[in-house]
Amino acid sequence: MLRYLITGKDGQLATEFLKRFEGEAAGFSHKDLDIGNLDQVLECLQGLKPQIIINCAAYNYVDLAESRYYDAIRTNTIGVRNLAYGAKKIGALLVHFSTDYVFDGTKRIPYTEEDEPNPLSLYGKSKYMGELSIKEELLNYLIFRVSWVFGEGRQNFIYKLLTWAKDKERLQIAFDEVSCPTSTTTIVEITLRALKERLTGLYHLTNSGYASRYEWAVFILKSLGIKKEVTPVSSAIFNLPAKRPDFSAMSNKRISGLLELSIPTWQEATLERLKRL
Ligand SMILES: NC(=O)c1ccc[n+]([C@@H]2O[C@H](COP(=O)([O-])OP(=O)(O)OC[C@H]3O[C@@H](n4cnc5c(N)ncnc54)[C@H](OP(=O)(O)O)[C@@H]3O)[C@@H](O)[C@H]2O)c1
């Protein structure tokens, strides 16, 4: 019997899971398994009967989702419901990842699992509806809300910042977006501990502490000895299609308390990642 089935194989989080599992897992890329297609999902799950499904597939284009809402819904809501439905049929546990963008950013202290979501963007809505779909279909699930994820690959802030720094002498970075930079290594580590302890339910899973995009950028450039003029600016000047919460840091106290461990800070996790570049 297969232990783990991983969707969205080519993404940054799936890449980290697959590195850890070596042989215990089957990974499926978007083209091999489209989670938005129920027939494909059922055929795959009923054929392989994994004990644990780890859903790393997501439509993560926050700004594009404003004009391509159906694409976001198809993967982040319908796709997630398909997996939950399939998981119930074969008696598997579903592990899924959601986002801090389910919150509206009106709080000034880190969000807990008790706080009510109120997404500002269509991406955030599509992800929140994904969470609700799982809760409607299944009892046997783990949902982790994660934020500002970085690991191998291009779809993350560290990669983007270093690309901008190559081309420009002066950088403008938002000071009014605050959250928890979180490494794929931490997410995988904590997910595996939670599975070992047979936890189920919804948890906030982030590196400890929080920072603005500006503070994170300055930390990254300084750590790498890259000298650039970095100006803190309001995110309003970028005029992006999707509204983002200005404060969406989440508290990891519930999961770290249950697992009796302390989760590395965002600075430690960032340095660990930079060492591997
Ligand atoms: N990245 C962040 O900052 C961030 C923040 C908060 C939450 N999260 C959540 O964390 C999880 C992992 O994110 P990540 O950063 O690893 O994402 P990622 O690097 O963007 O990877 C997502 C993967 O999903 C695939 N995919 C998209 N639609 C699919 C579909 N319908 N069926 C199957 N595969 C599909 C993509 O393939 P194609 O590229 O070929 O479409 C891509 O390989 C996601 O749930 C994400 O929403 C991420």
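Me: Let me begin with one residue. Is Ser133 buried or exposed?

Reply: Go by relative accessible area: under 20% is buried, over 50% is exposed, and partly exposed lies in between (1.4 Å probe, protein chains only). Ser133 has 3%, so Ser133 is buried. Ser133 belongs to helix α4, residues 122–137.

Me: What should I know about the model itself?

Reply: This is a predicted model, where local features need pLDDT of at least 70 and side-chain atom pairs count only at pLDDT 80 or more, while totals for chains, interfaces and linings use all residues. Residues are numbered from 1 along each chain as its sequence is written, and side-chain values use heavy atoms, with hydrogens and water left out.

Me: Which residues is Ser133 in contact with, leaving aside neighbours within four places in sequence?

Reply: Contact means heavy atoms within 4.5 Å. With those neighbours left aside, Ser133 contacts Thr77 and Arg81.

Me: How many helices and strands are there in the chain?

Reply: Both are DSSP runs, numbered from the N terminus: helices are H or I with at least four residues, strands are E with at least two. The chain has nine helices and twelve strands.

Me: Where is the place of Ser147?

Reply: Ser147 sits in the loop between β5 (141–146) and β6 (149–150). Ser147 is buried, because its relative accessible area is 2%.

Me: What does the side chain of Ser147 reach?

Reply: The side chain of Ser147 reaches the backbone oxygen of Cys180, at 2.7 Å. Setting aside neighbours within four places in sequence, Ser147 has contacts that include Asp100, Thr206 and Met250.

Me: How does Arg193 count by relative accessibility?

Reply: Arg193 counts as partly exposed, because its relative accessibility is 36%. Arg193 is in helix α6, residues 184–196. Arg193 touches Leu259 and Leu261, not counting residues up to four places away in sequence. Arg193 and Leu259 are 66 residues apart in sequence, and 7.3 Å apart in space, C-alpha to C-alpha.

Me: What is the radius of gyration of the chain?

Reply: It is taken over C-alpha atoms, and the globule rule is 2.2 Å times the number of residues to the power 0.38. For 277 residues, a compact globule would be near 19 Å; the chain has 18 Å, which agrees. The C-alpha atoms fill a box of roughly 55 × 35 × 35 Å along the principal axes.

Me: How much of the chain is buried?

Reply: Of its 277 residues, 53% count as buried.

Methods: Polar contact = N/O pair within 3.5 Å; in protein donor to acceptor, adjacent residues only side chain to side chain.
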